[in-house]
Protein chains: 2
Amino acid sequence: MNNDENTVYFVTGNKFKFQEVSEIFKDKNMKYDLKQRDIKTTEIQAHSLREVALFKLNSVKNSIDGSFFIEDAGFFIDSPLKGFPGVYSSYVLKTIGNEGILKLIDDFELSKAHFSAIIAFYHKFIDKILFFEGNVEGRVSNTIRGKGGFGFDPIFIPNILPDKTFAELSAEEKNKISHRGQAFTKLLDYLEKK
Amino acid sequence: MNNDENTVYFVTGNKFKFQEVSEIFKDKNMKYDLKQRDIKTTEIQAHSLREVALFKLNSVKNSIDGSFFIEDAGFFIDSPLKGFPGVYSSYVLKTIGNEGILKLIDDFELSKAHFSAIIAFYHKFIDKILFFEGNVEGRVSNTIRGKGGFGFDPIFIPNILPDKTFAELSAEEKNKISHRGQAFTKLLDYLEKK
């Protein structure tokens with residue numbers, strides 16, 4: 001294996017995501033060198049994360065010489081919001097924010113929500129695209145709680161740790177159970193076997 | 001001018017929009033024959049309608065033999081929602097709906113909102129893309145009112161007719177002042193001069 005094969009690019013403009021994923025790579029003592037590439041990708045309006053991720057990947061394929069991946073995640077309030085904000089999570093966060101979400105569901109006793117992450121990985125040396133997914137089920141908190149994480153973390157309570165929001169977990173605790181953690185564990189398992 | 005030059009295709013899957021625009025063409029006694037083409041376009045996530053419209057137009061350009069246009073519209077609640085739902089209007093309507101919008105702004109006395117429409121027109125015989133825009137300023141109603149129109153019409157009150165929501169206007173009244181009406185008037189003026 002030459003040096004090139006040990007480098008994997010993570011195409012993202014989000015430094016929080018890059019940091020979170022770098023931690024995961026470090027924890028696993030990966031032989032791979034993870035580098036950030038902040039290139040503009042084309043994001044489509046579609047209902048599934050997989051569609052969005054595949055289009056995004058293909059939109060930058062010609063700009064990168066090497067193996068790379070993009071990651072896409074969404075927060076889905078299955079009930080009562082029919083999946084909102086879903087694939088539009090980052091836009092919704094910037095506009096109505098967590099306060100807006102809490103308003104939208106404040107007269108509902110119960111909510112059902114999940115986070116999903118998908119990694120679309122282009123493995124240059126075999127010229128193939130592979131997908132790795134992760135999901136975590138939970139509900140929406142009544143209040144905004146915690147200082148960790150980012151995005152909708154302060155209002156999401158995972159079923160597996162039902163006393164805390166994602167933002168009240170340490171990075172290590174969160175990575176163990178999170179959608180992103182799961183998806184990256186799958187990617188790393190795959191890379192380790194190569 | 002041959003027959004081909006008299007046909008203009010409107011690429012849309014939305015029968016309400018097609019109907020509204022057909023009315024406008026009829027009212028103006030256009031020599032052009034408007035036909036609906038329901039082809040899947042690629043819609044990107046972007047902050048401006050113009051970007052979304054241009055990408056959409058180019059995504060179907062090779063599938064249509066003739067002049068055609070696509071139209072994109074958005075409902076922007078400039079205050080207090082920072083432009084939400086904007087280019088994601090149709091998704092937001094399907095998930096949280098007008099009820100959701102009213103909840104989001106219910107503790108604000110004043111709101112500022114506008115509808116925008118953009119037409120991206122591909123004029124085959126000169127091989128050019130042209131844009132036609134329309135905007136209407138107003139505010140969000142406290143309640144859902146009226147049976148006409150579609151989408152966010154029942155919660156939008158235009159400044160120019162400050163007692164009624166768009167859904168309380170007749171199709172004719174609405175077309176005279178609406179964002180879509182303005183944009184199409186510009187397109188028709190252009191076509192008439194050709």
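A nonpolar core is a set of buried Ala, Val, Leu, Ile, Met, Phe, Trp, Tyr and Cys residues joined through C-beta atoms within 7 Å.

**View 1. The largest nonpolar core and the residues with the most contacts inside it.** In this predicted model, the largest nonpolar core has 96 residues, and those with the most contacts inside it are A:F69, A:I119 and A:F156 together with B:F69, B:I119 and B:F156. In soluble globular proteins, nonpolar side chains tend to be buried together. Around A:F156, leaving aside residues up to four places away in sequence, the residues touched are A:F75, A:A113, A:F115, A:G138, A:V140, A:S141, A:T165 and A:F166.

**View 2. The contact between chain A and chain B.** On chain A, 15 residues are in contact with 15 residues of chain B. Two helices of chain A, α4 (89-95) and α5 (97-105), each supply at least two residues of the side that touches chain B, and the largest share of that side, three residues, comes from α5(A). Sorted by class, the side of chain A that touches chain B has seven nonpolar, five polar and three charged residues. Of the interface residues of chain A, 100% are also interface residues in chain B, so the copies meet through the same surface.

**View 3. The relation between the two copies.** Chain A is superposed on chain B, with an RMSD of 0.0 Å, by a rotation of 180 degrees with 0.0 Å of shift along its axis. The two copies are thus related as by a two-fold rotation axis. Within chain A, the C-alpha nearest the axis belongs to A:I44 and lies 1.9 Å from it.

**View 4. Strand β1 of chain A and its two parallel partners.** Strand β1 (residues 7-11) of chain A is mostly covered, since four of its five residues are buried. Five bridges join β1(A) to strand β2 (residues 33-37) of chain A, and these two strands run parallel; in this pairing, A:T7 has A:D33 in β2(A) as its bridge partner. Between β1(A) and β2(A) the chain crosses through helix α2 (residues 15-27) of chain A, and this β-α-β crossover is right-handed. β1(A) also pairs in the parallel sense with strand β3 (residues 67-79) of chain A, over three bridges, and there the bridge partner of A:Y9 is A:F68 in β3(A).

**View 5. Strand β3 of chain B among its neighbours.** In strand β3 (residues 67-79) of chain B, eleven of the 13 residues are buried, so this strand is largely enclosed by the rest of the structure. With strand β1 (residues 7-11) of chain B, β3(B) pairs in the parallel sense over three bridges, and B:F68 in β3(B) is the bridge partner of B:Y9. Strand β5 (residues 112-123) of chain B, by contrast, runs antiparallel to β3(B) and is joined to it by eleven bridges; here B:F69 has B:F121 in β5(B) as its bridge partner.

**View 6. The hairpin of β3 and β4 in chain B.** Two bridges join β3(B) to strand β4 (residues 85-86) of chain B, and the two strands run antiparallel, with B:F75 standing opposite B:G86 in β4(B). Together β3(B) and β4(B) form a hairpin with five residues between them, and in the turn B:K82 has a positive phi of about 55 degrees.

Terms used: Residues numbered from 1 in each chain as written. Chains lettered and ligands numbered in written order. Predicted model: local features only at pLDDT ≥ 70, side-chain atom pairs only at ≥ 80, totals over all residues. Contact = placed C-beta atoms within 7 Å. Nonpolar A, V, L, I, M, F, W, Y, C, P; charged D, E, K, R; others polar. Least-squares fit on C-alpha atoms with pLDDT ≥ 70 in both. Buried ≥ 20, exposed ≤ 12 C-beta atoms within 10 Å, placed from the backbone. Pairing = 2+ DSSP bridges. Right-handed = clockwise from strand over helix to strand, strands pointing away.
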